Amino acid sequence: MKIRKYIFLAAAALISASWLTSCLSDEDDSFDYKAWKNQNETFYIRMMDSVAPDGNKVFEKITPVWAPGVNVLAQWHNDTTLTSGSLVPMDNSTVDVVYDCSYIDGVLLDSSARNNADSIYSCKPNENIVGFWAMLTRMHVGDSVTCIIPSDAAYGASNSRIKPYSALIYHMKLKAIKAYEVSGK
């Protein structure tokens with residue numbers, strides 16, 4: 001009799017644990033990650049190949065020297081000849097940047113305005129995802145850019161907040177370099 005009671009209690013505990021885990025899970029089992037990955041990869045390629053009416057490419061492909069396998073796309077929104085004399089941050093500089101980040105479908109994921117009353121995100125480039133880091137270290141103070149970061153330079157296949165395989169679209173402006181660090185070379 002006691003053995004049945006323990007088996008029943010063990011089975012009830014397993015069922016309860018399974019139910020609780022499924023209820024607490026943030027994942028949507030019906031979400032098609034394979035299709036989402038394909039949409040994001042296709043979008044990135046389409047943007048890389050997009051051409052403006054004047055025949056010029058819309059996006060510049062940025063590949064940092066320190067990460068030759070990383071590519072991000074950049075569309076500059078300012079005349080870069082006017083900012084070319086301004087500083088460019090080092091990997092460990094402290095910068096002020098304003099940004100919005102969204103999925104390829106336009107859903108806003110994050111914003112410096114959401115996180116800070118003055119809309120400024122202060123950081124060191126090398127403390128961010130690789131694509132954001134690569135973009136920041138190519139910008140001069142005053143530059144404004146739309147940057148498309150493929151998932152392999154963002155959060156990849158897994159993250160607790162971002163859908164796996166997501167390319168991210170950043171609209172960003174480098175406002176200032178608060179602490180310019182010198183390279184260790």
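**Entry 1: a pocket**

I looked up the second largest pocket and found 13 lining residues, of which Tyr-99, Asp-110, Asn-128, Tyr-155 and Tyr-170 lie nearest its centre. A pocket here, on a 1 Å grid over the protein atoms alone, is an open set of points where a 1.4 Å probe fits, with protein on both sides within 12 Å along at least five of seven lines; lining residues have an atom within 4 Å of a point. I noted that this is a predicted model, in which local features need pLDDT of at least 70, side-chain atom pairs count only at pLDDT 80 or more, and totals for chains, interfaces and linings use all residues. Numbering runs from 1 along each chain as its sequence is written, and side-chain values use heavy atoms, with hydrogens and water left out.

Strands β3, β4 (108-111) and β7 each give two or more residues to this lining. I read the volume as about 190 Å³, taken as the space filled by probe spheres set on the grid points, which are joined across faces, edges and corners. By class I have 10 nonpolar, 1 polar and 2 charged lining residues. Ala, Val, Leu, Ile, Met, Phe, Trp, Tyr, Cys and Pro count as nonpolar, Asp, Glu, Lys and Arg as charged, and the others, Gly among them, as polar.

**Entry 2: the core**

I turned to the largest nonpolar core, which has 38 residues. Such a core is a set of buried Ala, Val, Leu, Ile, Met, Phe, Trp, Tyr and Cys residues joined through side-chain atoms within 4.5 Å. Buried is under 20% relative accessible area, exposed over 50%, partly exposed in between (1.4 Å probe, protein chains only). Phe-132, Met-135, Leu-136, Ile-149, Leu-168, Tyr-170 and Met-172 have the most contacts inside this core. Elements giving two or more residues to this core include α2 (33-49), α5 (130-136) and β7 (168-179). The largest share, 6 residues, comes from β7.

I checked Phe-132 next. Beyond its neighbours within four places in sequence, Phe-132 is in contact (heavy atoms within 4.5 Å) with Val-97, Tyr-99, Tyr-121, Ile-149, Tyr-170 and Met-172.

**Entry 3: the chain**

I counted 5 helices and 7 strands. These are DSSP runs numbered from the N terminus: helices are H or I with at least four residues, strands E with at least two. Buried residues make up 35% of the 185.

**Entry 4: Tyr-165**

I stopped at Tyr-165, in the loop between β6 and β7. Tyr-165 has a positive phi of about 70° although it is not a glycine. Tyr-165 counts as partly exposed because its relative accessibility is 27%.
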